There are 2 protein chains.
Amino acid sequence: MAGTDKRKADAAKNLPEGPAFILVVPQLGDNIGAAARAMLNFSLTDMRLVAPRDGWPNPRAWKAASGADSILDEAQVTQTTAEAVAGLDFVLATTARPRDMVKPVYTPEEAIRRMRAHLAKGGRPGFLFGPERTGLHNDDLALADAIVTVPLNPGFSSLNLAQAVLLMAYEWNRAGDTTPPAETVMAADTRPANKAELLGLFEHLESELDAASFLRPPEKRAGMIRNIRNIFQRAGMTEQEVRTFRGIVTALTKHARRRALEDFEAEKGGK
Amino acid sequence: MAGTDKRKADAAKNLPEGPAFILVVPQLGDNIGAAARAMLNFSLTDMRLVAPRDGWPNPRAWKAASGADSILDEAQVTQTTAEAVAGLDFVLATTARPRDMVKPVYTPEEAIRRMRAHLAKGGRPGFLFGPERTGLHNDDLALADAIVTVPLNPGFSSLNLAQAVLLMAYEWNRAGDTTPPAETVMAADTRPANKAELLGLFEHLESELDAASFLRPPEKRAGMIRNIRNIFQRAGMTEQEVRTFRGIVTALTKHARRRALEDFEAEKGGK
């Protein structure tokens, strides 16, 4: 998806507080970098790394972060999960449904709802993400208040580490987002057509269609006109588009008249 | 996230119909593979490729698909976007908000709501995803009914192709998912404790605390008991856990009695 703002250095400044994203023994620098990128995409900045396998700093992470360097620069690194979660008071572990422990399991949507409620009361929430191959150890799960499980195709349920981070970050942002679900964008130099302009187009088109004997038989004329008008209404045209369409009607009829005139002259000249 | 089922060959069988995912001039085989993986994670199978830059089939795609081979094996390849969308009747283009065209713009959630409504009426919906560097060309956008834009950090809004696919697939699945938002999982060989079992634990603990003169002064006893009982109620214990906790109380008091007895005997012997 295009649209990256080049002011990357500022992209992590002045963002609202969000949950910590704790990667426990992450194996690949590429995944750490991709996770940082996904976090910053959704305005999240608190990354924590527990004993990254290939050491830290890992240049591959910065390469994969596509500019989300500030997230990696500021990442806290600890040797144990216990140290990473020490300052938090509501910790959710992202993993498949456990088979052998008693634990609340939330959907991502519900997890974010509870995290946001927690944060609003002054709490410090965070997510735990396990190593790529093995997932979180049961000792890490025991540090968590609950588990978040992304509902997946039961026959194909392996989610990449950075993708798991992306989905939690996306849900976090979605819950706080105020973008209208649906709206029509338009160029700055135009505006929606008003009804007078639309009526002008309708009458222009219909007078030409009458001249062309298109709106026949007479008893069907009113219904045909309603159908044609509804097409234009549904299109939600701008003032500029109404003018363009009137130009189209004029062009088509003018061309037809000119051709007819030429044919007539040719016929006359040929006689 | 762990939990991959090894029966990958079956993972794409018997899945409900979903939207087509059309990658327009995708550049990297890795991204095509990661997109296939993301689709199958959320039970989506209809991938279409328009003029993949590095040709097709591209072995890198299969490598990155982590077993979602069936999606790649069955992918339709065309030379133009027009061919890829020809059989569809509701096409949404994933891109940033356009600056120079009049087009409805939906959030992912709203886009999926409309797509599902469309599919339910027998329609054939699909998504367009643009090339990694440039995004969708305006000519492709003109083939789309509307645009889907993921709300992103305005200072850092570049989303990887496979990530854009993942988010749409996730939203599609989320809208049809019936997983309870929150539930407590437990091992198969236990069940939630009933109130008689909990009361047994409370009374056991409280009698020992009375014996230890912990519940004092008397006017505070009732309030202290209520607070302690509430801790256990909130924990939502299983029958097995209640038994474990009664064992803990017994162990602690027995140990204390034994130590006291030993001390007493030692003192007596010392005299």
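Copies here are superposed by least squares on the C-alpha atoms of residues with pLDDT of at least 70 in both.

**View 1. Chain A laid over chain B in this predicted model.** A rotation of 180 degrees, with 0.1 Å of shift along its axis, puts chain A on chain B at an RMSD of 0.2 Å. The two copies are thus related as by a two-fold rotation axis. They meet through the same surface, since 100% of the interface residues of chain A are interface residues in chain B too (contact means heavy atoms within 4.5 Å).

**View 2. A:Thr190 in its loop.** This residue sits between β8 (182-185) and α8 (195-211) of chain A; helices (H or I, at least four residues) and strands (E, at least two) are DSSP runs, numbered from the N terminus. A:Thr190 counts as buried, with 15% relative accessibility (buried means under 20% relative accessible area, with a 1.4 Å probe and protein chains only). Leaving aside residues up to four places away in sequence, A:Thr190 touches A:Thr238, A:Glu239 and A:Gln240.

**View 3. Strand β2 (residues 47-50) of chain B, covered on both faces.** B:Met47 and B:Leu49 are buried on one side, B:Arg48 and B:Val50 on the other. Four bridges pair β2(B) with β1 (residues 20-24) in the parallel sense (pairing takes at least two DSSP bridges). Three bridges join β2(B) to β3 (residues 76-78) of chain B, again parallel. B:Leu49 is the bridge partner of B:Leu23 and stands opposite B:Val77 in β3(B).

**Notes.** Residues are numbered from 1 along each chain as its sequence is written, and chains are lettered from A and ligands numbered from 1 in the order written. In this predicted model, local features need pLDDT of at least 70, side-chain atom pairs count only at pLDDT 80 or more, and totals for chains, interfaces and linings use all residues, while side-chain values use heavy atoms, with hydrogens and water left out.

Conventions. Buried < 20%, exposed > 50% of the residue type's maximum accessible area, 1.4 Å probe, protein only.
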